[in-house]
Amino acid sequence: MNKFSSLQGKTAVITGGSGVLCSAFAYALAQQGMNVAVLGRTLSKLEAVRDKINELGGKGLAVVCDVVDKDSVAAAKKAVNDAFGKTDILVNGAGGNHPRGNTTKEFFEDGDLENPDVVSFFDLDSENFNYVFDLNIVGTLIPTQVFMPDMLGREGCTVINIASMGSYHPLTKVSAYSAAKAAIANFTEWLAVHFAKSGIRVNAIAPGWFQTNQNRTLLLNEDGSLTERSKKVIAHTPMDRFGVPEDLIGTLLYLADDTMSGFVTGAVIPVDGGFQAYFGV
């Protein structure tokens, strides 16, 4: 991997740091000689990521943290500051979907209201909807509020949010997730403008369809074959495949390195094999 000298010795914080995509982010930044703190809810998973960060030439820190609890995030910031000093790069990777915010079907049909085996739009209660929304939006708001003061008055600092294909167009079934990710894109642009004169850049990566632990049952049958939804995804992806974590690394490093993307802020960059650009005809 190419070395970006401007990143060496800097400190990055990654929320959701033990996930499939965010752990790959952590390893890529570690290879740049960075201090990398991974935040999440399960210590054992975070420690495994931390250990590999250290093996790859970075300095790792595992911190248990609930991103929707401001006191928890503040405690995590103290741990990061005590270990590495001020934060230079924040990757808001915590988020995702949850079945509690999904409908069973893509389209509403007569009889769905009376069918106990179908979760229709009318069965989505605010608590379940808010769980998904808060995980993504509040889980981005609070870490940004807590860690961004470290960046004020310092050069080369940046925030990278994680958007989605749902940020551009709503995806069927996942109404809460799509709404939340659309808000992430909007919030990224708002933050970019608000802090432009403070020298802090704010951008987002919008991954296409990647297989993760969260969506595995949605995309794969028990025998490993593609579900009907997966077949639709591949048919709508001109490059005819799912993404792999390594596909995101170039964009991550580009946005993280102020010498490469110093005039880039408010961007939401799709890494999707052409999914967002293709309308099926």
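Me: If helices are DSSP runs of H or I with at least four residues, and strands are runs of E with at least two, how many helices and strands does the protein chain have?
Reply: The model shown here is a predicted one. Counted by those runs, numbered from the N terminus, the secondary structure of the protein chain comes to nine helices and seven strands.

Me: What share of the contacts in the protein chain with a separation of 6 or more is made by residues 24 or more positions apart?
Reply: As background to the fold, 48% of the 281 residues of the protein chain count as buried. Among contacts with a separation of 6 or more, the share that joins residues 24 or more positions apart is 72%.

Me: How many of the 11 residues of helix α1 are buried?
Reply: A residue counts as buried when its relative accessible area is under 20%, and in α1 the buried residues include L21, C22, F25 and Y27. What covers the buried residues of α1 includes the strands β1, β2, β4 and β5, together with the helices α2 and α8. Helix α1, which spans residues 20–30, is largely enclosed by the rest of the structure, because the number of its 11 residues that are buried is 10.

Me: Is α3 parallel or oblique to α4?
Reply: The axes of helix α3 (residues 70–84) and helix α4 (residues 126–147) come within 9 Å and cross at roughly 40°. Angles under 35 degrees would count as roughly parallel and those from 65 to 115 as roughly perpendicular, so the relation of α3 to α4 is oblique.

Me: How do the residues of the contact of α3 with α4 divide into nonpolar, polar and charged?
Reply: In α3, the residues K70, V73, A74, A76, K77 and V80 take part, and they meet I142, P143, Q145, V146 and F147 in α4. Sorted by type, the residues of this contact are eight nonpolar, one polar and two charged.

How values were computed
Residues numbered from 1 in each chain as written. Predicted model: local features only at pLDDT ≥ 70, side-chain atom pairs only at ≥ 80, totals over all residues. Heavy atoms only, no water. Axes fitted to C-alpha atoms, helices over the stretch in contact; angles between N-to-C directions. Parallel < 35°, antiparallel > 145°, perpendicular 65-115°, else oblique. Contact = heavy atoms within 4.5 Å. Nonpolar A, V, L, I, M, F, W, Y, C, P; charged D, E, K, R; others polar. Buried < 20%, exposed > 50% of the residue type's maximum accessible area, 1.4 Å probe, protein only.
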